[in-house]
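Biologist: Can we go through this one together? I'd like to start with the strands and then jump around a bit.

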Amino acid sequence: MIRTVAVGSITDHRSPTHVSTLERILLAVDGSAASESAVRAVGALIKGGDTDVFVVHLSDDGPPLAISFGPAPMPPRATAPRTEAYVESAVRTLQSLGVRATGAVYKPVNDVGGEIVESARSFACGLIAVGTGGRGRLGSILLGSVARHVIHRADRSVLVAPLSCTVPSAFTRILVAVDGSKYSERAVELAAETAEMAGAEVVVLHVCAPHGPPWMRYDRNSFSDELDPADTAAALVDRMVGGLADRGLTAFPAIRPARGRLAIGHLAADVLEAARQYDCQMVVVGPRSQTGPGLMLGSVAFQLLHSATVPVLIAR
């Protein structure tokens, strides 16, 4: 049976309780092939784990509706059988994998991306999962608007399943890109949490823009400008690998031909190439500001989403 959530205002479910990233997940669906990939990605990641998944549909068009379904469904104000079927299918898929899942359909909103972010806050979810790259007939999740808005505006991590991505039955190896910034430190932390949940290995790849400006490193109560040379990059990767090993995880550095442990140049292409080389089923990256180091949302992360054949986890 599908568990019921009382449907009305999303903020009716607001909870002040802090949860870890993977303890509660908000999964937005729209019936497209991309959102089906997101459903499979969430299921493969947490099947059998101690995680609650809230499956929601929010659209920007269609008749007003507020429908929930489960053992004691609320009377609907309007009928939207296709929309209902999208959410119900996602919930049943997750439940078949042993995932605790709840589904709800909400009335149309003007700002779907903003409502998805607010919904994650309301349900105290540590992770938002969306599909991207295709537009469902109800017009929800697509890279050009909604997913982009979610990624830019979310104050929590976002798992994105590109339309063309391949989702395994289980994640066995995860690639995490690092650059020495606090953002990639967070990416490694999330990669560790994800690997612990999925029982996966972690591959650590250092990335560096070859002609970009130096970035600020905090060291012994002072700031210094520097770029990461090969030796520094190797030391950083070794430190990250050691920290992951200390947590009981299997981790190792990505060794690139002619570049050692350093990815330089077309960063998105290098990251995806390393993922293919090491047969990784997920890529974890950290966002950065326009002037900081690392994987910039405005370019690299979205290039990854346009070209990725595996789910991409953007850490916050």
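Biologist: Which residue in strand 6 is the bridge partner of Leu26?
Modeller: Ile128. One note before we go on: this is a predicted model. Strand 2, residues 24-28, runs parallel to strand 6, and the two pair over 3 bridges.

Biologist: And how does strand 6 pair with strand 7?
Modeller: In the parallel sense again, over 6 bridges. Strand 7 covers residues 157-162. One of the pairs there joins Gly131 to Ala161 in strand 7.

Biologist: How many residues of strand 6 are buried?
Modeller: 6 of the 6, so strand 6 is largely enclosed by the rest of the structure.

Biologist: Which residues of strand 6 point which way?
Modeller: Leu127, Ala129 and Gly131 go one way. Ile128, Val130 and Thr132 go the other way. Both sets are buried. In a regular strand, side chains alternate between the two faces of the sheet.

Biologist: Over to Ser157. Where is it, and is it buried or exposed?
Modeller: Ser157 lies in strand 7. Ser157 is buried, because its relative accessibility is 1%.

Biologist: What does the side chain of Ser157 reach?
Modeller: The backbone nitrogen of Arg316, at 3.0 Å.

Biologist: What else is Ser157 in contact with, leaving aside neighbours within four places in sequence?
Modeller: From strand 6, Leu127 and Ile128 are among the contacts. Others include Thr21, Gly126, Arg186 and Leu190. Ile314, Ala315 and Arg316 are on the list as well.

Biologist: Are Ala124 and Asp279 buried or exposed?
Modeller: Ala124 has 6% relative accessibility, so it counts as buried. Asp279 has 53%, so it counts as exposed. The cut-offs are under 20% for buried and over 50% for exposed.

Biologist: Now helix 1. What span should it have, and what does the model give?
Modeller: Its 14 residues, 33-46, should span 20 Å at 1.5 Å a residue. The end C-alpha atoms are 20 Å apart, so the two agree.

Biologist: How many of the residues in helix 1 are buried?
Modeller: 11 of 14, so the helix is mostly covered. Among them are Ala34, Ser37, Val39, Val42 and Leu45. Just after helix 1, Gly48 has a positive phi of about 80 degrees.

Biologist: Last, the whole chain. How many helices and strands?
Modeller: 8 helices and 15 strands. The chain has 316 residues, and 55% of them are buried.

Biologist: What share of contacts between residues at least 6 apart joins residues at least 24 apart?
Modeller: 78%.

Conventions:
Residues numbered from 1 in each chain as written. Predicted model: local features only at pLDDT ≥ 70, side-chain atom pairs only at ≥ 80, totals over all residues. Heavy atoms only, no water. Buried < 20%, exposed > 50% of the residue type's maximum accessible area, 1.4 Å probe, protein only. Helix = DSSP H or I, 4+ residues; strand = E, 2+ residues; numbered from the N terminus. Expected span 1.5 Å × (residues − 1). Contact = heavy atoms within 4.5 Å. Pairing = 2+ DSSP bridges. Polar contact = N/O pair within 3.5 Å; in protein donor to acceptor, adjacent residues only side chain to side chain.
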